[in-house]
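The following report describes the secondary structure, packing and ligand surroundings of the model shown below.

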Amino acid sequence: MSAPRVTAVAEASPAALAGLVVGDELVSLNGQVPRDVIEYQQLTDVAELDVVVRRAGRDLGRLVRVRKVEGQPLGLEISAAVFDRVRTCDNHCAFCFIYQLPKGMRKSLYLKDDDYRLSFLYGNFTTLTRFTELDAERVIEERLGPLFVSIHATDPAVRAAMLRNPKGATSLRWLRVLLEAGIEVHGQVVVCPGVNDGAVLEDTLCGVLDEYPALATLGVVPLGLSRFSNEPDMRPHTTAEARAVCAAVADYQALYRSTLGRRLVYLADEYYLMAGLEFPPAAAYDGYPQHENGIGMVRAFRDAFAGDHDSAHGVRPGFFAWVDGAPAEGYRAPTVAPRAHGDGRGAARPPAEGARDDRPIAVLTGSFGHEVLAPLLAAHPRRDLRTIGVDNEFFGGTIGVAGLLTGPDLARVLRTEPEGHRYLLPDACLSQGRFLDGTTPEELPRAVEIVASDGWSLRCALDGRRARPREAQPGGSAGCGA
Ligand code: SF4
């Protein structure tokens, strides 16, 4: 068990006034040792807090007393979300993307977590193979929802084979326990053609209706395949297979609506692209409950680009919308637009609001984004807009989403692009200002402007307006500064 370490102290906060400083380790809070940031939040919610502190590796020798209003944030950021070690996954799925990462990336990217706490905190999916009776008690007692559960197949033998773990056959019993206790749970099925599509997918959709009808939503997403996969049975969908998945989901949406009164199941955007089908209207996504899972992103993006800024969805903040002190690093780091760079390369500031800037604009995106964006830009009144669909050679395989673009691929493309143009890049491919390979926009051969990955922000950038951050808007939606 490690003590939470302070990484930032807000000025004039209760923690600052009590004398806590960056680097302090919080050994105990009112005599209790928090296991994770959820407990930390509960323990620091009180009005009077006695903290045992270790500073520079030594006990401080006195209690630090923090006085504040009950419920007031302490004003600290701490170094981890889980202090008693993240529970790692004991499965070995052939479709696991972590096995398909190249060597030498950030250590945190190789972490195979299967921890319900990270599901609650960050929306990570868990298979529940390491879930215990004690975990169930805690989740139910503390109402730790929503949680996100990987189902893949309801047939025990198929699920165990997909997870390559015999516990996969039985761990969905916990899903039933959680649902019966009224915990909100969202599920997903990662479809691997030839493994759990076709009759197996139908059986799973039927099994959800029979066994887990209280499931909040179910996302059906295709496996991602990089060129580093060495699993002979893992392959991309054919167009016919993608169409069959679309048809099965449409059939079950109708069945669920007639029996449960709601759609329940939603299909990843990639399927519509693979199948060459039109995207459903916004109403068919029922508020985009699985937006961050790539479900409805294209529809929301298009609608936001057309002017409906309520459709400008960002990363779901989950628990972090209110937790005090929880870090994102290593799990879901903020994208953080990097600083401006003055030498004509790297990250650039957008033109000042209202300032005239007639330079042609190119929007960098992945191959999927290119398909979606090209018609939108073609319909824009400006005639000097274009997309640059960047092939993902870093990961290769079927990877076409903008969020997995890396520095080397962007640099390869930008090197051949003319100077004197504006290059816009979605912030989805950055985590704390870095690409997945660890490089930064400052290292690119052309200056790029980082734009939030929603249609409204892109529209504002193209029109020379500044999109306001989401929290600045009433109701939290993004808004254009004009
Ligand atoms: S459960 Fe998730 S992390 Fe674990 S092996 Fe399967 S895909 Fe990878």
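## Conventions

A crossing of two helices is called left-handed if the near helix is turned anticlockwise from the far one by less than a right angle, and right-handed if it is turned clockwise. Helices (H or I, at least four residues) and strands (E, at least two) are DSSP runs, numbered from the N terminus. The model is predicted, so that local features need pLDDT of at least 70 and side-chain atom pairs count only at pLDDT 80 or more, whereas totals for chains, interfaces and linings use all residues. Residues are numbered from 1 along each chain as its sequence is written, and side-chain values use heavy atoms, with hydrogens and water left out.

## Helix α10 and its two partners

Two packed helices are described by the angle between their axes and the distance between the axes. Here axes are lines fitted to C-alpha atoms, for helices over the stretch in contact, and angles run from 0 to 180 degrees between N-to-C directions. The axes of α10 (residues 297–305) and α13 (residues 455–462) come within 7 Å and cross at roughly 35°, and α10 passes α13 in a right-handed crossing. In this contact (heavy atoms within 4.5 Å), Phe 301, Ala 304 and Phe 305 of α10 meet Gly 455, Trp 456, Leu 458, Arg 459 and Leu 462 of α13. By class, the contact of α10 with α13 has six nonpolar, one polar and one charged residues, where Ala, Val, Leu, Ile, Met, Phe, Trp, Tyr, Cys and Pro count as nonpolar, Asp, Glu, Lys and Arg as charged, and the others, Gly among them, as polar.

With α11 (residues 367–378), the axis of α10 comes within 11 Å and crosses at roughly 15°, which makes α10 roughly parallel to α11; angles under 35 degrees count as roughly parallel, over 145 as roughly antiparallel, 65 to 115 as roughly perpendicular and the rest as oblique. The crossing of α10 and α11 is right-handed. Val 298, Phe 301, Arg 302 and Phe 305 in α10 meet Val 372, Leu 373, Leu 376 and Leu 377 in α11, and the residues of this contact divide into seven nonpolar, no polar and one charged.

## The pair α4 and α6

The axes of α4 (residues 133–142) and α6 (residues 173–180) come within 10 Å and cross at roughly 25°, which makes α4 roughly parallel to α6. Their crossing is right-handed. On the α4 side, Glu 133, Ala 136, Val 139 and Ile 140 meet Trp 174, Val 177 and Leu 178 of α6, and by class the contact has six nonpolar, no polar and one charged residues.

## The antiparallel sheet

Strands of a sheet pair through backbone hydrogen bonds, either parallel or antiparallel; two strands pair here if DSSP finds at least two bridges between them. Three strands form an open sheet in the order β2-β3-β4, with antiparallel pairing. Because β2 (25–29) and β4 (58–67) stand at the edges, each with a single partner strand, one side of each is left without a neighbour in the sheet. Neighbouring strands of this sheet are turned by 30° against each other on average, direction ignored.

Four bridges link β2 with β3 (residues 48–55) in the antiparallel sense, and Ser 28 stands opposite Val 52 in β3. Between β3 and β4 there are seven bridges, with Arg 55 opposite Arg 58 in β4. These two strands, β3 and β4, form a hairpin with two residues between them, and Ala 56 in the turn has a positive phi of about 50°.

## The parallel sheet

Another open sheet, of four strands, has the order β11-β10-β12-β13 and parallel pairing. Its edge strands are β11 (385–389) and β13 (449–451), each of which pairs on one side only, and the twist averages 30° from one strand to the next. Three bridges join β10 (residues 361–365) to β12 (residues 422–426), and Ala 362 stands opposite Tyr 423 in β12. Helix α13 packs on this sheet, touching β10, β11, β12 and β13, and its direction makes about 170° with that of β12.

## Backbone exceptions and the ligand shell

Most residues other than glycine have a negative phi, and most peptide bonds are trans. Arg 85, in the loop between β5 (76–78) and α3 (116–122), has a positive phi near 80°. The peptide bond from Gly 145 to Pro 146 is cis, with omega near 5°, and Pro 146 is found in the loop between α4 and β6 (147–150).

Which residues lie around the ligand? With a residue counted as near a molecule if one of its heavy atoms lies within 4 Å of it, they are Cys 89, Asn 91, His 92, Cys 93, Cys 96, Lys 112 and Thr 127. By class, this shell has three nonpolar, three polar and one charged residues.
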